[in-house]
Structures are given as structure tokens and as C-alpha cells.
Amino acid sequence: MSENKFDVVIVGGGPGGYVAAIRAAQLGLKTTVVEAKHLGGICLNWGCIPTKALLRCSEINNLLHNLDSFGFSAENITFDITKVVQRSRSVANQLSGGVQHLLKKNKVEVFDGWGRLGGAGKVAVEKDGKLVADLEAKHVILATGARARELPGLEADGKRVWTYMEAMVPESLPASLLVVGSGAIGVEFASFYRNLGSEVTVVEVLDRVLPVEDEEISLFAAKAFEKQGMTLMTSAQVKTLKSGPKGVTATIEAAGKTTDLTVERVIMAVGIVGNVEDIGLEGTKVAVDRGHIVINEWCETGETGVYAIGDVVGPPWLAHKASHEGVICIEKIAGVNDVRPLDISNIPGCTYCHPQVASVGLTEQAAKDAGHKVKVGRFPFAGNGKAVAMGDTEGMVKTVFDADTGELLGAHMIGAEVTEMIQGYGIAKTLETTESELLQTVFAHPTISETMHESVLNAYGRTIHY
Amino acid sequence: MTIEILMPALSPTMTEGTLAKWHKAEGDEVAPGDVIAEIETDKATMEVEAVDGGRVGRILVAEGTDEVKVNQILAVLLEDGEDASALESAVADAANAPAPNAETPAPTAAKTAPAAATEPAKVAPQRDGTRIFASPLARRLAANAGLDLGSLRGSGPRGRIVKADVEAAAALPATTPTAQPSTPGEAEFELIPHTAMRRAIARRLTQSKQTIPHFYLTIDCQIDQLLEIRRELNGRSDEYKISVNDMVIKMCAQALIEVPAANAAWSEEGAKFFNSADIAVAVAVPGGLITPIIRGAEAKGLRAISNEMKDLVGRAREGKLAPEEYTGGTFSVSNLGMYGIREFAAVINPPQACILAVGAGSQRPVVTDGALGVATVMTCTLSVDHRVVDGAVGAEYLAALKSLIESPLSLML
């Protein structure tokens with residue numbers, strides 16, 4: 001089986017695994033990917049991409065119901081949820097096929113099956129209970145991803161209580177929906193269903209929605225969601241879920257009071273856990289902490305020659321973080337110069353609810369907690385010409401600088417197009433710019449991006465347009 | 001015509017110094033009187049002011065450069081209307097100039113250069129003009145920390161200096177990573193390059209021990225009365241707090257007036273005997289020590305001495321003493337009593353002839369007239385330069401000092 005000897009075996013073909021494989025191939029390493037289900041992983045098949053396809057439809061629905069403000073009128077605006085889902089699935093399928101093509105082009109062999117560590121430098125591939133290949137490699141990268149976290153007693157049944165998987169392929173639009181958890185996944189589904197017309201209630205155990213975002217952004221988002229007719233319950237906990245003839249009855253405890261809410265469907269979005277089971281970690285030095293594999297800054301586990309990247313190693317659970325870890329891991333293996341460990345504070349995060357939310361780096365509070373003296377800038381979309389022209393004045397940009405060094409510590413945005421705009425701050429942070437370069441950067445007019453400039457100007461007392 | 005900024009001599013004996021910091025960057029406008037750079041000498045940091053105005057054309061000596069010779073060209077200023085071509089010839093001249101002679105009298109600050117060659121040099125050396133790749137944040141942090149970017153190694157893409165590099169350098173000032181033992185069997189070590197102060201300490205004290213025939217005299221002083229008077233004086237007001245050391249300074253000065261033969265310095269031309277007692281006091285500062293001076297201490301009251309010492313110590317720790325504040329004393333005092341040291345012998349601080357090493361006052365058994373008693377005793381050791389002060393003179397001085405310390409009221413006489 002000499003043809004099954006590789007430099008690198010990657011277990012998992014998601015955005016971590018397949019990007020690592022392509023980078024490895026570029027560096028001349030003989031590489032293979034073992035994938036049990038779909039190339040592209042959750043991101044491409046059941047996450048980032050198909051949800052964006054769905055959210056595009058809810059955005060269009062919003063626009064169509066707002067035609068009057070642009071001088072248009074239309075009657076009998078309807079949609080077919082089946083077609084909306086179909087479109088989403090075909091987008092996912094198209095891109096998954098694309099990944100297959102890319103791997104082939106880079107001469108990365110793909111093994112269809114379940115990969116499991118089997119001793120030093122060995123990976124066994126199993127399909128339908130049968131061993132299909134024994135792979136040997138100097139380097140094994142675990143990129144097995146993660147899955148929805150389940151709360152005891154509140155397990156999803158796949159029928160009325162959904163995880164993101166079922167929520168992505170509804171057969172009909174539920175009239176009422178309870179979303180448990182207000183992280184990115186929770187609010188994206190809440191947004192999608194609310195904008196298509198469902199009555200949506202979001203329950204968050206912490207004191208605000210989107211709790212990882214800057215507090216001001218959370219409050220801004222909460223106002224916007226409530227204006228759209230969403231019901232938000234923060235500092236609240238779902239105690240029980242009971243399925244009955246009329247739907248699911250949730251017992252929700254908030255501020256010491258218990259209320260019952262009956263809905264057609266429930267989406268559980270309470271975080272994710274790493275896929276660390278049945279991949280042959282037993283008896284190895286690979287350490288697992290609270291459902292995630294422990295790695296060092298070069299993605300090395302405790303076991304020599306075994307690496308781990310992406311969601312299986314823990315937050316932030318983001319596809320682009322997984323891809324980047326894959327590249328770092330491979331470049332370190334290949335001995336590329338100038339490889340630097342991943343700096344989490346330079347990883348942007350995007351949430352595609354309506355309005356969109358995007359951020360990079362430290363929140364104002366986190367910056368203060370880290371001991372920084374901060375300078376904070378803010379700028380509302382209402383002061384931006386392009387946003388007014390587009391009819392998208394709901395939004396703001398907040399920037400956080402270190403008062404002593406001018407380091408851009410964090411940027412927090414909410415509003416139209418911010419998920420595209422955040423890269424500007426991402427580049428700025430990666431290049432370690434200070435306020436000085438940002439102040440001197442010429443922003444094109446008229447663009448919503450000008451709010452990014454104004455926010456920096458505001459931090460230094462130089463706002464022009466507000 | 002371009003203007004050269006030369007390394008100034010901050011004291012008559014200065015031959016070289018460290019360019020600690022640039023306050024102006026290439027391209028900055030400079031007005032007469034502007035602070036353009038900071039020079040770190042043996043013991044202090046001094047600001048260099050511009051005499052002439054202009055625009056900084058090129059900086060030739062990077063921040064943090066050690067052992068910059070007096071009169072070496074630090075930077076070239078362009079006058080109004082001059083462009084870079086004038087700069088190239090001036091810089092070429094600078095590169096070709098003979099090694100500066102540190103013995104010639106140095107300007108106090110920037111000086112107008114002789115006429116620069118009018119024809120452009122054929123090959124303008126890129127001396128120190130090479131670009132340093134560093135992130136904007138790294139530049140800002142390095143400037144804030146007074147670090148020279150040129151001395152840092154970049155770990156970013158293509159060797160670019162990034163925040164982490166500056167932070168690492170700032171956390172371990174002038175420290176290189178653990179060096180490999182150079183001799184077989186030598187333990188691993190961390191090599192810390194010398195600061196200007198460390199070099200000065202090494203040079204002066206080696207010179208002292210190698211050229212000065214030291215001898216040592218030790219005496220015990222009972223200080224119960226001195227402590228009582230100190231307590232009483234400090235109890236009168238909150239506006240001052242006199243320390244034992246302040247009183248020792250005062251008494252050393254008074255004793256020098258009583259025994260002027262000990263207030264001396266050796267020189268090749270002859271023995272110097274001073275008229276006033278300028279007491280240099282050793283002060284520990286980060287990275288070494290410095291000896292600020294209480295001038296004419298014999299004529300100053302305890303309160304004045306105490307307040308002056310507080311000011312000098314504070315500024316010494318910040319590296320803000322002017323050279324005249326720490327050079328030219330006539331006698332030194334080094335007190336390690338606060339560390340519980342019972343007695344020690346200090347190295348003479350040249351060109352002075354004597355240094356008094358003061359130990360901790362502690363309760364000890366004393367025999368007076370055949371009876372055993374307890375007294376607070378402080379042991380003092382005088383290190384003496386035998387070339388100018390003989391044993392008998394040293395002993396006479398210590399006896400005078402002991403008498404003052406043990407009956408402080410005699411200061412009133």
C-alpha cells in the first residue's frame with residue numbers, strides 16, 4: 001500500500017481541512033483529505049453559505065415590502081419557502097462541488113470515509129463499518145469540526161425542536177418560533193424567520209443579545225430587532241420544552257418569574273462542541289479540554305506529529321479562523337519563513353442578521369479590562385450621505401483606540417454592508433496601524449465606508465459630518 | 001548651505017556619549033532653540049538644542065547608538081530652499097570626514113558646518129539612510145519607549161519590526177536572548193550590553209582601585225544623642241524629615257572644616273586642599289549609582305540639606321541630574337545602613353581623597369569606665385588615598401567626626 005503514504009493526512013474537509021490541504025499541495029507536500037460527509041464541511045453545506053443564501057431572500061422580502069419608500073408599488077408579494085430552501089441548497093451544492101474541483105486541481109487525494117487515528121502516523125479510513133484504507137503520514141491534522149451543543153432536557157428532536165440543520169431546510173414557514181441563544185447563529189435565524197413573517201421570540205441567558213459584541217452594538221441591535229417586531233428575553237432561561245398538539249410549550253424563567261410560551265418551532269442555538277469522539281484520541285497524548293482539542297500556537301497537540309485546527313480546537317468558531325490555522329499549521333510543517341501564530345484579536349467576526357453586525361478586536365469593556373486607557377470614536381450612519389441615499393441609515397461604527405499608543409484595539413459596526421467593510425479595519429489592525437494612518441487615509445466618497453473614517457476622527461475629536 | 005549637528009561635549013572631560021533619543025525625524029522643521037536630541041552621558045541625560053533653524057535632511061546616527069565620539073556628525077540640517085542634492089554632498093562629506101578629534105574643544109550644541117561641496121558626490125553612500133521596515137504601531141511604541149528601531153530584529157513578514165518585537169525589547173531592556181556559553185562548561189547566561197552609566201562605573205572604579213593606594217580606618221560612633229535630637233527636630237514640624245544620613249552629611253562637612261587636610265584631592269601638579277566641603281552622596285539608581293553633591297554643606301542647615309537631598313535623589317532616579325550636580329565633589333559618603341550592613345569599605349571616588357562608608361546603627365554592648373552598658377552604635381569606615389592623606393590625618397578626621405556625631409550639640413558652637 002505504498003500509494004497510501006503521505007506527508008500530510010488531514011481528517012476533515014471543511015474550511016480548515018481543505019484550505020490546509022491546498023496550501024500543503026502548493027508547498028509540495030503529498031497530501032490527502034479524509035471526509036466522511038461533504039467537502040466544504042458545515043460552513044459550506046450547513047452553515048455560513050446556505051444561511052447567507054436564505055438571508056438574501058429575507059432581505060429581498062424586506063425590500064419588496066418597503067418599495068413605497070423608493071417610489072415603487074407592487075401587489076400580492078408572495079414567496080415559496082420551498083424555492084427559497086431549494087436555492088440555498090443548490091448554492092451549497094455548487095460550492096461543495098467547487099471544493100472537490102479545487103482539491104483535484106491541486107492533486108490532493110480525497111478519501112471518502114471516517115478517519116480515525118490508529119497509532120503513530122497512521123489513520124484508518126472506515127466506510128459503512130468497513131475499513132477502506134490505512135493511511136500513513138508524518139503529519140496528521142485533525143480538522144473534524146464541531147456540532148450544535150445540546151442542553152440536557154432540551155435536546156433537539158429534529159421535528160419541532162430544531163438545530164441549525166433543520167432550521168435551514170424548513171418545509172413550511174412556522175407561524176411562531178422560539179430561538180434559544182442569541183449568538184450569531186441564533187440571531188441570523190431569528191432575523192431570517194422574522195423578516196419572512198414568523199412571530200419570533202429570542203431567549204438569551206446573558207443580559208444582552210449578541211453577548212460577545214460590544215455592549216453598545218448589542219443594545220443597538222436589540223432596538224432594531226424589537227422595532228422589527230421580535231420579542232427579546234434576556235437574562236432568561238428555557239427550563240423545559242414540552243411537545244403538545246399545538247406545538248412546543250417552553251417554560252421560560254426570567255427575573256424570578258416563570259412564563260409559558262407555546263410556539264410552532266424551536267431553534268436551539270446554544271453554542272457548539274468539538275467533534276472529538278471516535279477519532280482515535282484514546283491512548284494518545286492529545287489533550288481534550290471541555291470538548292475541544294488543546295493545541296499550542298502552531299496547532300500542535302500533545303502528540304508528536306498530530307495537529308488540530310478549526311472548530312475542534314475551540315473558539316472563535318469561524319470558518320476563516322479554521323482556514324488560517326490550517327495555513328499556519330502547514331507552513332510551520334513545511335518550514336516556511338515568517339510564519340506567525342494567529343492573533344485572535346485580528347480575526348473579524350460577522351453576523352448577517354438585519355441589520356448586519358461586524359467587529360474585530362477588543363470591545364470597549366474588554367480593552368478597559370485589559371488595562372488600556374481608551375479613546376473611543378462613534379459615528380452614526382445617519383450622518384453618512386451614501387447611507388441616506390440608499391435608505392440604510394440604521395447603523396453605527398464604533399472604534400476603540402489605546403489612548404497612549406494610538407493602537408487600534410477594536411472596531412464594532414452595525415448596519416448595511418458592515419460585513420464587507422470590516423476588512424478595512426482588519427487590514428489596519430494586521431498592519432498595526434495607529435490612528436495617524438487611519439486619519440490620513442483618504443476614503444472614497446460617497447461610500448458607507450466613510451463612516452469608518454468618521455468614527456476614527458470622532459475618537460480624536462475631529463468629526464466632520466456630525 | 002547645509003548645517004551639521006555635531007555630538008556636543010556636555011562636560012570638559014566627556015569624550016563620547018550615547019545618542020539616547022531623537023526628538024526630530026527626517027523632514028521635520030527645526031527652529032533655533034528646539035530640542036532635537038537627547039544625549040546620555042556617564043550619568044545623566046541631556047537635551048541638545050538647535051542653534052540654527054532648518055529642516056532635518058538626514059539623521060546619520062541612529063537612536064541608541066553607544067560611544068558616539070564628541071564632534072561626530074549626528075545629522076545634517078537643510079536650510080530653507082535647499083533640496084536633497086545638497087544633502088547628498090554633505091552626507092558624502094560626513095562619510096569621508098576624518099575621525100573626529102575628541103580632544104578639541106567641543107561646541108555646546110549644533111554648529112554651522114563649513115561650506116559643503118557644491119558638486120554632487122559621485123557615489124552618495126547610503127550610510128544609515130537605509131529604510132527600516134516597521135509597523136506604524138511598532139514605530140510609535142519604540143519612540144515612546146526610547147528604543148532605536150535599528151537595534152531591533154523584526155519577526156514580522158520579511159523581517160518587518162512589529163509590536164511584539166518592540167514590546168519584547170522594552171520588557172528586557174538591551175537584553176539579548178540567552179547566549180550560548182562561549183567557554184566549554186560555562187553555564188547559560190543572559191548577556192546585557194553595558195549602559196553608559198555601567199561603563200562609567202567600571203572605568204572610574206577600576207581606575208580608582210588600580211591607581212589609588214587605599215587604606216581603611218574604622219571607628220564606632222554612639223548615636224543615641226544624635227537620634228534623640230533628630231527625633232526632637234522632626235517632631236517640631238511636618239515640613240521636613242531629617243534623616244540620619246542628612247545629619248551624617250552635615251557632620252562630615254563640619255569635620256572637614258575642622259580637619260582641612262582631609263578635604264583633599266591628588267593631582268599630578270600637586271595636592272589640592274579645598275575650602276568648602278562639597279559632599280558627594282552615593283545614590284542607588286536603576287542600573288547603577290550616581291553621586292549628587294551637596295555643595296558647601298558646612299554652611300547649610302539640616303533642613304536645607306535634607307530638602308536638597310530629597311530633590312537630588314528624586315531627579316537622580318529619573319536620570320535628570322545636570323552634570324554640574326554630580327561632578328566635582330570634595331568628599332563622598334556612602335551609606336548602606338538602611339540595608340542592615342554593619343560595616344563596609346567603599347572604593348574611593350576619584351579625584352577625591354576620602355569616602356566614608358556608613359553602616360547601620362544598632363544597639364550593641366559598650367563598656368564605659370569598666371561598666372557594661374547598651375548604646376546605639378554606628379560603625380564608619382573611611383577609605384583614604386594615601387598619596388594625599390596620611391594615616392594620622394585620616395585618624396584625626398575620624399576622631400573629629402566621631403566627636404560631632406556623639407555630641408551633636410557641638411554643631412551649635
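Visitor: What joins strand 10 of chain B to strand 11 of chain B?
Guide: A hairpin does, through 2 residues. This is a predicted model: local features need pLDDT of at least 70, side-chain atom pairs count only at pLDDT 80 or more, and totals for chains, interfaces and linings use all residues. Residues are numbered from 1 along each chain as its sequence is written, with chains lettered from A and ligands numbered from 1 in the order written.
Visitor: In which sense do strand 10 and strand 11 of chain B pair?
Guide: Antiparallel, over 4 bridges. Pairing takes at least two DSSP bridges between two strands. Strands are DSSP runs of E, at least two residues; helices are runs of H or I, at least four; both are numbered from the N terminus.
Visitor: Which residue is the bridge partner of W266(B)?
Guide: A271(B), in strand 11 of chain B.
Visitor: New topic. How many residues of helix 6 of chain A are buried?
Guide: 12 of its 13. Buried means 20 or more other C-beta atoms within 10 Å of the residue's own, with C-beta atoms placed from the backbone. Among them are F189(A), F192(A) and Y193(A).
Visitor: What do those buried residues of helix 6 of chain A pack against?
Guide: Their partners in chain A include helix 3 (48-64) and strand 10 (199-203). Contact means C-beta atoms, placed from the backbone, within 7 Å.
Visitor: And what comes just after helix 6 of chain A?
Guide: G197(A), with a positive phi of about 120°.

How values were computed:
Two residues are in contact if their C-beta atoms, placed from the backbone, lie within 7 Å.
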